[in-house]
Amino acid sequence: MSIFNKLSFKNQAFKLREHAILDATTSVLSSKGYDLMTMDDVAGAVGISKPSLYKHFKSKEELVGEALIRLLDGALEFMAGLDKALGPLEKLQALLEWALRVRLEGGLPFLPSTSAHVRDMLMRNVKYMMKVLKLNRQLEGLVKQAQQQGLLNAQLPSDVILFSYYARTCDPAVEYLQKFSKMSTDDIVSNMLKVCFEGLR
């Protein structure tokens, strides 16, 4: 039974509107960034009044935090659904492919490290940090397994590999290829995965 079946019609409508708000937030963040985004922008994109928006989220900080938590939930859910028979490198490749596809569809708005204000705001968001740590533990474990199996460079510190892996999710080459090349989404994803895991040689 889905969660919506357990909710009253009013609560279902509230939840659906909340999803629409988070979709709009992700879209506005992708186009304007955190600093230029306003609550008016989000309300306008959803087609609701600003007071209605504030019934769901009390501030821009809370709104952005929830949008990024939803993104992390998607990553964690994707990881949980992977075939357990896959090896560590295959799982890392699969998650990066998922992240690149989400990004090419406008669903991965920005990297928190690009803004000190956003980073500090998220560091204070306990719910967000718990999910970040959970995902990071899983990926760190996969990196170390892959190193032990000789699939990744064992001489590199695992943190170097892990943070380089994260950086691939926000590589500006993805936008340039989407905008200026004639490649399909599948080709962009395939080539970015090759660059990440095979290098340029």
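Among contacts in the chain between residues at least 6 apart in sequence, what percentage join residues at least 24 apart? In this predicted model, the share is 63%.

The chain holds 10 helices and zero strands. Read along the sequence, the pattern is α-α-α-α-α-α-α-α-α-α. The C-alpha atoms fill a box of roughly 55 × 40 × 30 Å, taken along the principal axes. Of the 201 residues, 35% count as buried. The chain exposes about 12000 Å². Carbon and sulfur atoms supply 55% of that area.

Confidence was examined next. The pLDDT averages 89 over the chain. A score of at least 70 is reached by 94% of the residues. Among the elements of the chain, helix α7 (residues 126-148) has the highest mean pLDDT, at 96. The lowest mean, 83, belongs to helix α6 (residues 116-123).

Thr25 is placed in helix α1 (residues 9-36). Is Thr25 buried or exposed? Its relative accessibility is 0%, and buried means under 20%, so Thr25 counts as buried. A polar atom of the Thr25 side chain lies 2.8 Å from the backbone oxygen of Ile21. Leaving aside residues up to four places away in sequence, Thr25 touches Met37, Val42, Leu63 and Ala67.

Val46 belongs to helix α2 (residues 39-46). Along the chain, Val46 and Ile21 are 25 residues apart. Their C-alpha atoms are separated by 6.1 Å. With residues up to four places away in sequence not counted, Val46 touches Ala20, Ile21 and Ala24. The relative accessibility of Val46 is 24%. That value falls between the limits of 20% and 50%, so Val46 counts as partly exposed.

A loop residue was also examined. Gly150 lies in the loop between α7 and α8 (158-168). Its relative accessible area is 61%. Exposed means over 50%, so Gly150 is exposed. Gly150 and Leu89 are 61 residues apart along the chain. The C-alpha atoms of Gly150 and Leu89 are separated by 10 Å.

Aromatic rings were then paired. Ring centres must lie within 6.5 Å to count. By this rule, there are five aromatic pairs.

Other rings join into a group. Phe163, Tyr165, Tyr166 and Phe197 are linked by ring pairs into a cluster. The charged end of Lys60 sits over the ring of Tyr34. That charged end is 4.3 Å from the centre of the Tyr34 ring.

Key. Residues are numbered from 1 along each chain as its sequence is written. This is a predicted model: local features need pLDDT of at least 70, side-chain atom pairs count only at pLDDT 80 or more; totals for chains, interfaces and linings use all residues. Side-chain values use heavy atoms; hydrogens and water are left out. Rings of Phe, Tyr and Trp (its six-membered ring) pair if their centres lie within 6.5 Å; planes under 30 degrees apart count as stacked, over 60 as edge-to-face and the rest as tilted. A charge sits over a ring if NZ of Lys or CZ of Arg is within 6 Å of the ring centre and within 35 degrees of the ring normal. Helices (H or I, at least four residues) and strands (E, at least two) are DSSP runs, numbered from the N terminus. Buried means under 20% relative accessible area, exposed over 50%, partly exposed in between (1.4 Å probe, protein chains only). A polar contact is a pair of N or O atoms within 3.5 Å; within protein, one must be able to donate a hydrogen and the other to accept it, and residues adjacent in sequence count only if both atoms are side-chain atoms. Contact means heavy atoms within 4.5 Å. pLDDT is the predictor's confidence in each residue, from 0 to 100. Accessible areas come from the Shrake-Rupley method with a 1.4 Å probe; for residues, only the protein chains shown count as cover.
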